[in-house]
Amino acid sequence: MANQVKITLVKSAVHQKPKVRNVAYGLGLGRVNSSVIRPNNDATRGAIMKIAHLVTVEEVK
């Protein structure tokens with residue numbers, strides 16, 4: 001298992017519910033095609049599950 005994951009926003013969070021938007025912005029994803037690298041832990045995985053329909057996830061070594 002990788003220590004970090006790269007999260008890329010592939011769909012806009014603009015017309016989503018406020019809770020979903022807040023999760024996306026909390027991860028640091030502001031615009032479509034923006035990417036962030038976060039640690040691969042339970043908190044990050046939980047946030048990814050909330051917005052799984054908006055993002056793609058890759059493992060980073």
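Tutor: Start with the elements. The chain has two helices and three strands. Read from the N terminus, they follow the pattern β-α-β-α-β. Keep in mind that this is a predicted model.

Along the principal axes, the C-alpha trace spans about 35 × 20 × 15 Å. Of the 61 residues, 33% are buried. The chain exposes about 4,200 Å². Carbon and sulfur atoms supply 52% of that area. Contacts also reach across the sequence. Take those between residues at least 6 apart: 75% of them join residues at least 24 apart.

Next, the sheet. Strands of a sheet pair through backbone hydrogen bonds, either parallel or antiparallel. Here the three strands form an open sheet in the order β2-β1-β3, and the pairing is antiparallel. The edge strands are β2 (35-39) and β3 (55-60), each of which pairs on one side only. From one strand to the next, the twist averages 25°.

Look at the pairing of β1 with β3. These strands run antiparallel, and six bridges join them.

Now zoom in on T8. This residue lies in strand β1, which covers residues 4-9. Is T8 buried or exposed? Its relative accessibility is 12%, and buried means under 20%, so T8 counts as buried.

What does T8 touch? Leave out residues up to four places away in sequence. The contacts of T8 are then N33, S34, S35, L54, V55 and T56. S35 falls in β2 (35-39), and V55 falls in β3 (55-60). T8 touches both S35 and V55. With S35 there is a further detail. The side chains of T8 and S35 make a polar contact at 2.9 Å.

In the order β2-β1-β3, the strand of T8 is β1. T8 is buried there, and its side chain makes a polar contact with that of S35.

Notes
Residues are numbered from 1 along each chain as its sequence is written. This is a predicted model: local features need pLDDT of at least 70, side-chain atom pairs count only at pLDDT 80 or more; totals for chains, interfaces and linings use all residues. Side-chain values use heavy atoms; hydrogens and water are left out. Helices (H or I, at least four residues) and strands (E, at least two) are DSSP runs, numbered from the N terminus. Buried means under 20% relative accessible area, exposed over 50%, partly exposed in between (1.4 Å probe, protein chains only). Contact means heavy atoms within 4.5 Å. Accessible areas come from the Shrake-Rupley method with a 1.4 Å probe; for residues, only the protein chains shown count as cover. A polar contact is a pair of N or O atoms within 3.5 Å; within protein, one must be able to donate a hydrogen and the other to accept it, and residues adjacent in sequence count only if both atoms are side-chain atoms. Two strands pair if DSSP finds at least two bridges between them. Axes are lines fitted to C-alpha atoms, for helices over the stretch in contact, and angles run from 0 to 180 degrees between N-to-C directions.
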